[in-house]
Amino acid sequence: MRTDSGTMPYTFHQYTLLGPDFTVLQDGIDQYYNVGQYDYSCDSELFYNGLVAVRVGATDWYLPDGGPWPRLYFNSKYMFIDHSGKTVSSSRYDEVSHENDRWFGCHGTTEYLLDSNGNEREQANYCYVPSTWAENIVEQAEKDGLRLSYHTPYRLNIHRDEFCKLAWQTIQTVNPNINLPELAQPFSDCDEDIVRQIAALGIVTGYEDGTFQPTRELSRQEAAVILQRLYTVLYGKIEVSPTLYADNGSIGVWAKDSVYAMRQTGIMQGVGANRFDPKNGYTCEQSIITMLRMAQKA
């Protein structure tokens with residue numbers, strides 16, 4: 001073990017990750033994410049969004065002198081594996097983090113957003129600051145109670161359960177005394193009360209396999225469908241605009257009425273050049289601003 005003053009004998013732990021049937025998924029783990037350096041009770045959740053981050057293959061260990069709780073450093077990097085033990089990405093990361101149900105990995109000082117398949121997308125470190133064009137409107141929305149979290153990833157695409165949270169906040173802003181049905185039955189992968197309440201109101205639905213996929217990114221056309229249903233719950237039906245977007249052919253048949261209804265109300269507009277861009281993601285800041293427009297229709 002290297003230290004600032006030379007080398008020393010030092011006892012440290014390596015781990016083996018076992019599957020439900022005690023098969024070895026990964027052996028020789030130097031470190032795994034979300035367990036304190038000096039807490040070996042393993043009492044915290046290991047898998048997030050179906051992935052676990054582990055350091056494997058260290059050949060050098062370094063412990064700076066001093067304390068009282070010096071950190072043990074490895075020259076191994078993090079990799080991601082799924083519940084089956086499969087390595088889901090060829091990339092290796094110097095550091096990883098999990099915030100707002102999203103995995104992030106760093107190559108040096110550059111941060112990447114990772115999906116459940118290990119694909120990475122370079123992500124600027126200022127994603128937690130609203131875009132310049134959105135800053136003042138987001139600030140007003142949050143004052144009005146439309147807020148995802150203390151550390152909102154404004155510039156990242158919103159997840160399905162996050163959109164439900166904003167929808168619930170909008171309902172509470174517009175009609176706090178709304179007559180609510182009983183919570184819908186839990187989905188196989190989601191038991192959040194807010195999601196179940198929004199589902200009971202008919203604003204969101206699950207998938208044929210019984211899942212809700214709460215951390216799946218929401219597309220623009222999916223957002224439009226949910227917004228139309230929310231509008232109907234709050235205000236009633238909408239007359240649909242007959243004016244078509246230039247990329248109307250790319251909009252799903254199931255979403256067309258909703259897309260044009262939201263255009264008619266001014267709640268959700270296109271992206272410029274008379275295009276809607278239906279399959280692209282919808283960011284958290286766009287979603288917050290959209291819900292503010294919805295609330296202001298009252």
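The structure is a predicted model, in which local features need pLDDT of at least 70, side-chain atom pairs count only at pLDDT 80 or more, and totals for chains, interfaces and linings use all residues. Residues are numbered from 1 along each chain as its sequence is written, and side-chain values use heavy atoms, with hydrogens and water left out.

**View 1. An open sheet of four strands has the order E3-E4-E5-E8.** The pairing in this sheet is antiparallel. Strands are DSSP runs (E, at least two residues) numbered from the N terminus, and two of them pair if DSSP finds at least two bridges between them. Strand E3 (15–18) and strand E8 (78–82) are the edge strands, each pairing on one side only. From one strand to the next, the twist averages 50°; axes are lines fitted to C-alpha atoms, and angles run from 0 to 180 degrees between N-to-C directions.

**View 2. Another open sheet has the strand order E9-E10-E11-E12.** Its four strands pair in the antiparallel sense. At the edges lie strand E9 (95–99) and strand E12 (120–123), each of which pairs on one side only. Neighbouring strands of this sheet are turned by 30° against each other on average, direction ignored. Strand E11 (residues 110–114) pairs with E12 over four bridges, and Leu114 stands opposite Glu120 in E12.

**View 3. Tyr33 and Trp103 form an aromatic pair.** Rings of Phe, Tyr and Trp (its six-membered ring) pair if their centres lie within 6.5 Å; planes under 30 degrees apart count as stacked, over 60 as edge-to-face and the rest as tilted. Here the centres are 5.3 Å apart and the planes stand at 70°, so the pair is edge-to-face. Tyr33 lies in the loop between E4 and E5, and Trp103 in strand E10 (residues 102–107), 70 residues apart. Both residues are buried (under 20% relative accessible area, whereas exposed means over 50% and partly exposed in between, with a 1.4 Å probe and protein chains only). Tyr33 and Trp103 belong to one aromatic cluster with Tyr48, Phe80 and Tyr93.

**View 4. Val24 is exposed.** This residue, found in strand E4 (residues 24–32), has a relative accessible area of 54%.
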